[in-house]
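Try each task before you read its solution.

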Amino acid sequence: LWRRRTMGFAHREETLDRERREIGARLSLLSEKAGDAIMLFDRDLNILEANPSASRIYGYTPSEFLQLNAAELREDSGRASAAEQLQIINSTGGRIYESLNRRKDGTVFPVEVSVSLVGTAEDPHYLAIVRDISIRKTARDRLKLTVEVLKLLNEAEDQKQAIGQVLKLVQEHGEFSAVAIRLKEDEDFPYFYTRWFSEDFV
């Protein structure tokens, strides 16, 4: 009985090892030419494999990736939700979500992440496809800002209110500490509207 159990355990280990090798082989084949970052994580979210695009996007060398955990790729504010997202992935088999990641040089950038649960229940692995959506997000934000500006201009009662509301919007979206506009009056350009500038400056 003991020998049978030992043989059964060894067989399971051999099967798991073979499945891990097969997963790695498939990942290498599929990810070599992909434009998105593709990474394979173990059950503790340590990185086991990363394709060339992952190195290009994040700035880590292949050997450096193997020393990292998924948490180290996340922007600080997104680390708290990692456990909750992992729970959802384990229960549903996968998830697509947007997040903020951090490159090796500290640059924070928006990503779309598609995670799938692979492997077995005894030895779960996670396959993540990460897409840098900086350009998409910038275009989306610009479109949103344009729509909001047009709405404000349409609803404003007079020129000063329209300019004031638009400048407020520009300040909030651009994260400026202060904004102002000057309009020509004869040979001068006096301030027509200011927001958060001191009286001494104006």
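A salt bridge is a side-chain nitrogen of Lys or Arg within 4 Å of a carboxyl oxygen of Asp or Glu. This is a predicted model: local features need pLDDT of at least 70, side-chain atom pairs count only at pLDDT 80 or more, and totals for chains, interfaces and linings use all residues. Residues are numbered from 1 along each chain as its sequence is written, and side-chain values use heavy atoms, with hydrogens and water left out.

**Exercise 1. Describe the salt bridges of Glu112 with Arg136 and of Lys137 with Asp141.**

Step 1: start with Glu112 and Arg136. Their closest N and O atoms are 3.3 Å apart. Glu112 belongs to strand 4 and Arg136 to helix 5, so this pair ties together parts that are 24 residues apart in sequence. Glu112 is partly exposed at 25%, and Arg136 is partly exposed at 35%.

Step 2: turn to Lys137 and Asp141. Here the closest N and O atoms are 3.2 Å apart. Lys137 and Asp141 are separated by about one helical turn, because they are four residues apart in helix 5. Lys137 is partly exposed at 30%, as is Asp141 at 33%.

Step 3: The whole structure has six salt bridges.

**Exercise 2. Which residues does Val149 contact, leaving aside neighbours within four places in sequence?**

Step 1: locate Val149. It is in helix 5 (residues 134–155).

Step 2: list the partners. Contact means heavy atoms within 4.5 Å. Val149 is in contact with Val166 and Leu169, once neighbours within four places are set aside.

Step 3: Val149 and Ala162 are 13 residues apart along the chain, and their C-alpha atoms are separated by 9.1 Å.

**Exercise 3. What is the phi of Leu45, and is Leu45 buried or exposed?**

Step 1: recall the background. Most residues other than glycine have a negative phi.

Step 2: read the angle. Leu45 has a positive phi of about 70°, although it is not a glycine.

Step 3: find its place. Leu45 lies in the loop between strand 1 (37–41) and strand 2 (47–50). Its relative accessible area is 19%, so Leu45 counts as buried.

**Exercise 4. Summarise the whole chain.**

Step 1: count the elements. The chain has six helices and seven strands.

Step 2: read their order. Along the sequence, the pattern is α-β-β-α-α-α-β-β-β-α-α-β-β.

Step 3: look at burial. Of the 202 residues, 31% count as buried.

Step 4: finish with contacts. Among contacts with a separation of 6 or more, 37% come from residues 24 or more positions apart.

Definitions and conventions:
Helices (H or I, at least four residues) and strands (E, at least two) are DSSP runs, numbered from the N terminus. Buried means under 20% relative accessible area, exposed over 50%, partly exposed in between (1.4 Å probe, protein chains only).
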